[in-house]
Amino acid sequence: MGFHRPFLLCLGFYVVRALQEFYELPAPRLEVEPSYPVPLGATLLLRCRGAYDSFSYRFYKDALQEALSLENSCWESMTPHLRHPQATARLGGRYRCQYDFHSFWSKVSLPRDVPVAGLYEKPFLWATPGLSVPAGGSVTFHCNSSVGLDTFVLYHGSPESGFRTLEAENAGRNEAVVALHNKTEQMNGQYRCYGYVSSEPHSWSAASDSLVLSGGGELPPGCRNAVLLHVVLALATRAA
């Protein structure tokens, strides 16, 4: 009996491995709400969408440069949702998930980065030559930090319509510059920027005040005052 038990265990192991390779389950899709940077204190929802009606799910949080560990920072759930009611700095990171189907675990999903915003004071955002730019013209956005942030992201859109990220062309000295050329109607709309320290890519600042780019005509008084305020603050920062 002592001989047969190890043999059966070994045989069972190889049978399971063969079945897993034969019934290889496709990786799920990990969705994050909100999809834009999660404000400090807001609710973070992770949703794991598998190919089948699964029995259980696993969510993993791993460091940016480290290999995925199936033991560390793992949450198991009987539903495809994992909800954190109050986002803190510790929730920022890179997440993945997988699902179980009849005791077979799927491949792990592609990673999703979840930055938490509001951990530093907001940067200053202004535009030159202004916010009323004709079609075909150019506009340059400047995002400046007074707290030593060295990396910035400019967002175009709103949380409701979905953000489009515009990476800075050059960054350094606590300021990033994003130049947009050959302006089209699609470039109009709301802009805001965030900043973070490059060594902590999931800990973001609060959002800057928003600017609204338009295609011409006179800006409302409130927008004119906002632009003037940003320019004054920018000049004061450079003079300091």
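**Notes on the disulfides, strands and side-chain contacts**

1. The bond links distant parts of the chain, with C48 in strand β3 and C97 in strand β7 (residues 93-101), 49 residues apart. Strands here are DSSP runs (E, at least two residues), as helices are runs of H or I with at least four, and both are numbered from the N terminus. C48 is buried at a relative accessible area of 2%, and C97 is buried too, at 0%. For these labels, buried means under 20% relative accessible area, exposed over 50%, and partly exposed in between, with a 1.4 Å probe and protein chains only.

2. Before going on, a word on the basis of these values. This is a predicted model, in which local features need pLDDT of at least 70 and side-chain atom pairs count only at pLDDT 80 or more, while totals for chains, interfaces and linings use all residues. Residues are numbered from 1 along each chain as its sequence is written, and side-chain values use heavy atoms, with hydrogens and water left out.

3. How many disulfides does a search of the whole structure find? There are two, and the other one joins C143 to C193, with the sulfur atoms 2.0 Å apart. The S-S torsion of C143 and C193 is about 75°, so this disulfide is right-handed. C143 belongs to strand β12 (residues 139-144) and C193 to strand β17, so the bond ties together parts that are 50 residues apart in sequence. Both C143 and C193 are buried. Counting bonded cysteines along the chain, the pattern is 1-2, 3-4.

4. Six of the eight residues of β17 (residues 189-196) are buried, so the strand is largely enclosed by the rest of the structure. Strand β13 (residues 151-156) pairs with β17 in the antiparallel sense over six bridges; two strands pair if DSSP finds at least two bridges between them. Within that pairing, H156 has Y191 of β17 as its bridge partner. Strand β19 (residues 211-213) is also antiparallel to β17, with three bridges, and here G189 stands opposite L213.

5. β17 also contributes to an aromatic contact. Y194 and W204 form a tilted pair, 5.4 Å centre to centre with 50° between the planes. Rings of Phe, Tyr and Trp (its six-membered ring) pair if their centres lie within 6.5 Å; planes under 30 degrees apart count as stacked, over 60 as edge-to-face and the rest as tilted. Y194 lies in β17 and W204 in strand β18 (residues 203-204), so the pair ties together parts 10 residues apart in sequence. Y194 and W204 are both buried. Ring pairs join Y155, Y194, Y196 and W204 into a cluster, and the count of aromatic pairs comes to five.

6. Back to β3, and the sheet around it. Three strands form an open sheet in the order β1-β3-β6, with antiparallel pairing. Its edge strands are β1 (29-33) and β6 (81-84), each pairing on one side only. Four bridges join β3 (residues 44-49) to β6, and L46 stands opposite L82 in β6.

7. Which residues are linked in a network of salt bridges? They are R29, E31, E33, R47 and R49. A salt bridge is a side-chain nitrogen of Lys or Arg within 4 Å of a carboxyl oxygen of Asp or Glu. E31 meets R29 at 2.7 Å, N to O, R47 at 3.3 Å and R49 at 3.0 Å. E31 sits in β1 and R49 in β3, 18 residues apart. Accessibility is worth checking too: E31 is buried at 18% and R47 is buried at 14%, whereas R49 is partly exposed at 41%. The count of salt bridges comes to six.

8. The charged end of R58 sits over the ring of W105, 4.0 Å from its centre. The rule asks for NZ of Lys or CZ of Arg within 6 Å of the ring centre and within 35 degrees of the ring normal.

Conventions:
Disulfide = S-S within 2.5 Å.
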